Amino acid sequence: MPDEGRTGPHGGGGNADVPEIERPGGIDRRSLLKLVGAGALGAGAAAVLSSSAGASSVLRSARSSRLTSAKSGTIHIGYITPRTGALAGFAESDPFVLKKIRSTSQYHKGITVGGKRYSVKITVADSQSTTNRAAQVAQQLALSTKVDLILTANAPETTNPVASAAEQYHTPCLATVVPWESWYAGLGGDPLEPTKTFKYCTVFFFGMKEFAGTFLPMWERVQRETKADKVFAGMYPNDADGNAFREGFPPFAEKLGYTFVTGGSYTDGTSTYSSMIGKFKSGNCTFYSNAPLPPTFNTMWKQAITEGYKPKLATVAKVLLFPSTVAALGKLAENIATDAWWTPFSPYKSSLDGTTTHALAKEWQDSSGNLWWQSLGSSYSLFEVAVEAFKAVDTPHDHAAVAAALHKVHYTGMCGPIDFANGPAPGVGIILPVGVQWKPGKKIFGKKFPWEPFVVDNALNKHVKITGDLVAGTY
Amino acid sequence: MQWVNAIVQGMVTGGFYALFACGLSLLFGVMGIINLAHGDLAIIAAYVAITLVPATHLPMVWGFVVVVPIFAVGGYVLQRTLLQASLDRSPFTTLLVTFGLSVIIENVLLEVFSANGQSISIGTLITNSFALNNVITISWFSLTVLGVAVAVLGALQLFLSRSRTGRLIRAVADDREAAQLSGANYRHLFGVAAAIAFATVALAGLSYGMLTEFAPTSGVTTLLFAFEAVVIGGIGSLWGTLVGGIVLGVAQQLGAQINPAYQILAGNLVFLAVLAVRPRGLFGLRTA
């Protein structure tokens, strides 16, 4: 008997211990029982008596769900994303994407699998940007909710523990917005010799080769123009992304004659970066690359400018991907470059209903008042790939078959062509990013924003239109 | 020279830690309250600033004019109601109550402001600096924070030792019953102490919001550093808190100079060493 009745540590108290459940038609009996049960568990000492009753109702409801889902006519998809916490910026457009997805006929009317039509239910769970919480909700979705597929996105803090749990509990899993090396290493593989296949886990995104293919052409252009020294600073923290970058990125730059100055593997949450900045200054690092947590970069960059470290071009990863983080830095973010894995300037469209990238960005802007968001495309494509995989199997509840189908998906959708069978590692599909620079906004879809990312380099993906000029930084 | 730079930057950072720790030190020193919501209260101050200050048309850097009085009043009210009520029960109740406050504050902030990081933008003031030589550059803002920390702690020290209210607060802290017999209204005095503590929390929260990005969950890490500064310096000693903050800042920077991975570790090791060798801290009167 697996321990599906447990709702984990009661830190947050109350129903914060239950995955946030979103569905159009209110709350059904089962989730109501779960909420009541976990609420009692979280309520602390006063609820000792009722908590045992609460726990047993969770167990009971989990058991009944297993009985029904075994031959149910519903495909149940779990989606784990950091709705709150340090990485919440990644997931800000998720509610909009889910609304769009639920309005497509596949998700609204159902998916036909093996000649039978299945309705689709999506349960959304918040990883709170922490690995512990992500692992906990993944376990819940796999064992108690018994989902047929787990989708997860938005940085390794969420995707890696979820993938590990999915592999462990034999539930098909598809991740995105995580460098594939960091995802692969998180599952226990060696990205330098990627021969191992993980039966239940797949990912589509890109890796160090594509980061290098996006950033280095920009460095080369700025270097030719400014005749700057070929030295670059690497600020890579001691976490999944940082370690993937420290190992994987510098070799590509060194091949082009750049010297690497490392800032050392610092701990996330560090508050002063003077020693690192001193190193970059004395090393005369004209190019700057990183992969930090968003609040870290804000602090570090302010200190760097204060202490007089001014590279010719900063190409950042994992931060300044979204308008909200740029707004927090304001003018200091001008002409910082980053990667964009999805933009409204490509000719791609939805494999579900033909919505173009342009239309998706416009609709998001009209409904939210925000500028286009890169994760609109990646989150959207998760649900496209899910449909592709389910269409290829006989029954959606056969986890091994769905997982095998995921490994074979080859289609073109919101993020362009994705081929899981011919990636750099088993179960890895590659999408191609372009280089963008943040500059004062011009009008887009009839509205002007203070800061806007302009596509300045499309060396890796010529499908995406150039919308601005690459400019050396005057930070 | 890099090592000298590490020490200088550590001292400047230490000023910020000391400012942060000041309110914590005062609340514990006077009332024996370990305020676990300290960090979250500072984050509230930053949110209050970005919400209210734009409406006053003051430059953001003057935000403290708006936020500090609000916090002082809030501190007095909170002390007279919730904190005093829990203090009347037992010291452990205050620990639980402030922990509860911390959880509630975090979740309410998440509901109201979402988890997105924000920053109090004061334009180029934040990045203005002066160079001592080609290695050491000091930020004006951080130096100002250090100056504010010294001034606040100094003023508090004077207030507690020279003014009538200050002396009454110390009397109540030392022996509440005896002070009450002499006619001191300890509830009011505790309120005044809390008001001062909250005002310094607001100052610390605003400088934090200007220096970096904050989110509803940022309070916890800042609480840890403030706590370490108080314990290193010695509980109940205000000047000790200043020294504690600076020791912590310098230790972190020296650790980072050896290897950036050791920055936070070095601070924690100094904290542990002080606890092991001198449990009442460098200048402390009581044991931690």
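Biologist: What does Ala138(A) touch?

Modeller: Leaving aside residues up to four places away in sequence, Ala138(A) touches Ile80(A), Ile150(A), Pro161(A), Val162(A), Ala165(A) and Ala166(A), where contact means C-beta atoms, placed from the backbone, within 7 Å. This is a predicted model, in which local features need pLDDT of at least 70 and side-chain atom pairs count only at pLDDT 80 or more, while totals for chains, interfaces and linings use all residues. Residues are numbered from 1 along each chain as its sequence is written, and chains are lettered from A and ligands numbered from 1 in the order in which they are written.

Biologist: Which residues have the most contacts inside the largest nonpolar core?

Modeller: Ala138(A), Ile150(A), Ala386(A), Leu19(B), Ala45(B) and Ala193(B) do, in a core of 239 residues; such a core is a set of buried Ala, Val, Leu, Ile, Met, Phe, Trp, Tyr and Cys residues joined through C-beta atoms within 7 Å, buried meaning 20 or more other C-beta atoms within 10 Å of a residue's own.

Biologist: Which helix gives the most to this core?

Modeller: Helix H8 (residues 186-211) of chain B, with 18 residues, helices being DSSP runs of H or I with at least four residues, numbered from the N terminus.

Biologist: Switching to H10(B), how many of its residues are buried?

Modeller: In H10(B), 17 of the 21 residues are buried, so this helix is largely enclosed by the rest of the structure.

Biologist: And how many residues of chain A are in contact with chain B?

Modeller: In chain A, 34 residues are in contact with 36 residues of chain B, and H13(A) supplies the largest share of chain A's side, seven residues.

Notes
Contact = placed C-beta atoms within 7 Å. Helix = DSSP H or I, 4+ residues; strand = E, 2+ residues; numbered from the N terminus. Buried ≥ 20, exposed ≤ 12 C-beta atoms within 10 Å, placed from the backbone.
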